[in-house]
Amino acid sequence: MGSECSFKSEEVVLISNSEKYLSVREVEESDALVKAAVSFDPSIEEFQKSIDSIVSVDPYNLLLRQYNELDFGADKDNAYIVYSNLAGKVRRINCLESLLYTQQVKRMINAGTDLFTSPAEFMSYVVRKGKLLKVYFYTIDQAAIGNPKDIISYVKKDIDNGWNLLFNLHNHNFFPFKKLFLGATVPSANDINAYRSESKGMGLRKALVTNGFHTIEVYEEDFYILKGTRD
Ligand SMILES: [Zn+2]
């Protein structure tokens, strides 16, 4: 891993039990953290190789694949909207995202499995005050993260204390052994519902979805171009 791309501070564990894990790191905002990742930890490289061997990870290929896999509905529409460049911006995964992704990959290895056979969702919120960032990491090591109320309650407290919400991030897993393969960098209709509500309640202006190779950035205006569950 490139020496520049690392967390320079200790992770503080807020919750750790058999059901969930929540931590936070305070880090200085830096260009290195948002640079495209150029090298990866061997654990994430292994995962990337496994995925690479069964599918083209070109983001547009994955978007088209999701569009074709789904019969109808907002998730299909959203894949088309991003595929057509009508909302969001897809780019390579950056340093910060790859560090968080690696953390989830390592958790699965430590649990005696791996992210390829046991897809697991993680979520991160980043808040900023001056040049200081707080980077939260939350997971239940399951394919679907459930209600992320623990991480949100910490972030809301920060907002009350003068921190600004910079973005939220979660990963979209590949399901190599399921009918719906997915792994596309596009917010789901449920994600869009959450973004809209967090934009009103928490000042969310930017949200990210990564698949370990690429990341989509969506901004407030995109929250209303992409479809929610009730659109
Ligand atoms: Zn999602």
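Predicted model: local features only at pLDDT ≥ 70, side-chain atom pairs only at ≥ 80, totals over all residues.

Reader: Which residues of helix 2 are buried?
Author: In helix 2 (residues 42-52), the buried residues are Ser43, Ile44, Phe47 and Gln48. They fall within an arc of 135° seen down the axis, so they line one face of helix 2. Buried means 20 or more other C-beta atoms within 10 Å of the residue's own; exposed means 12 or fewer, partly exposed is in between, and C-beta atoms are placed from the backbone. The arc is that of the directions from the helix axis to the C-beta atoms. Helices (H or I, at least four residues) and strands (E, at least two) are DSSP runs numbered from the N terminus.

Reader: What do the buried residues of helix 2 pack against?
Author: Helix 5 (95-110). Contact here means C-beta atoms, placed from the backbone, within 7 Å.

Reader: And which exposed residues are on the face turned away?
Author: Pro42, Lys49 and Asp52.

Reader: What about helix 3, which residues are buried there?
Author: In helix 3 (residues 59-69), Pro59, Leu62, Leu63, Gln66 and Tyr67 are buried. Their arc around the axis is only 140°, which puts them on the same side of helix 3. Their cover includes helix 4 (74-83), strand 3 (89-92) and strand 8 (214-219).

Reader: Now the whole protein: how many helices and strands?
Author: Eight helices and eight strands. Buried residues make up 40% of the 231 residues.

Technical notes:
Residues numbered from 1 in each chain as written. Contact = placed C-beta atoms within 7 Å.
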